[in-house]
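Subject: Structure for you to look through

Dear colleague,

I am passing on the structure below, and my notes on it follow. Please read them with the model open beside you.

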Amino acid sequence: MSEHELRVSKIRDGTVIDHVEGGQALNVLAILGIDGSEGFGVSVGMNVPSDRLGRKDIVKVEDRELSQSEVDVLSLIAPEATINIVRDFEVVEKNRVTRPDTVTGVLSCPNRNCITNADEPIETRFDVVADGVRCDYCATILRADIAEHIDV
């Protein structure tokens, strides 16, 4: 290994989230609810060189596989991400994320007058649009600050 390479150990079992836009790794951890207290081994590479993205982040989470709802939310902040499932040190599944048409119950609406913020038993629902997500109830559009409204 040359002195210019970064060495990050393989994981036995878990998930590798690759090709995340540079600077978004901490938002990925927030989406997954990982703050260090749950005991998962986590490796994070931030702003590493990438032929496809220029700079990318990589997140490795040991002993955890992502749910489809977690992948759906990840796709909103990391539309180029690749999800690798690792078992016994081998990648057994590799998938590119796809943006869903809607996301339900995982984002909070920033519009304080939205019915979803009025103590009503209504689950939030956002339509995924080209430049972000739009609240199905009040039509408020979230763009760059999607990660700040994750409510999982």
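Strands here are DSSP runs (E, at least two residues), numbered from the N terminus, and two strands pair if DSSP finds at least two bridges between them. This is a predicted model, in which local features need pLDDT of at least 70 and side-chain atom pairs count only at pLDDT 80 or more, while totals for chains, interfaces and linings use all residues. Residues are numbered from 1 along each chain as its sequence is written, and side-chain values use heavy atoms, with hydrogens and water left out.

Four strands form an open sheet in the order E6-E7-E8-E9, with antiparallel pairing. Strands E6 (102–104) and E9 (141–142) lie at its edges with a single partner strand each, so one side of each has no neighbour in the sheet. E6 is joined to E7 (residues 125–129) by three bridges, and Thr104 stands opposite Arg125 in E7.

Elsewhere, strand E1 (residues 14–21) has seven of its eight residues buried, where buried means under 20% relative accessible area with a 1.4 Å probe, protein chains only. E1 runs antiparallel to E3, with six bridges between them, and Ile17 has Val59 in E3 as its bridge partner. E1 is also joined to E4 (residues 82–87), again antiparallel, by five bridges, and Val16 is partnered there by Asn84.

Asp57, in strand E3 (residues 54–62), is buried, and the side chain of opposite charge nearest to Asp57, that of Arg55, is 8.7 Å away. The Asp57 side chain does reach the backbone nitrogen of Asn47, at 2.8 Å.

Best wishes

Terms used
Buried < 20%, exposed > 50% of the residue type's maximum accessible area, 1.4 Å probe, protein only. Lys, Arg positive; Asp, Glu negative; His and termini not counted. Salt bridge = Lys/Arg side-chain N within 4 Å of Asp/Glu carboxyl O. Polar contact = N/O pair within 3.5 Å; in protein donor to acceptor, adjacent residues only side chain to side chain.
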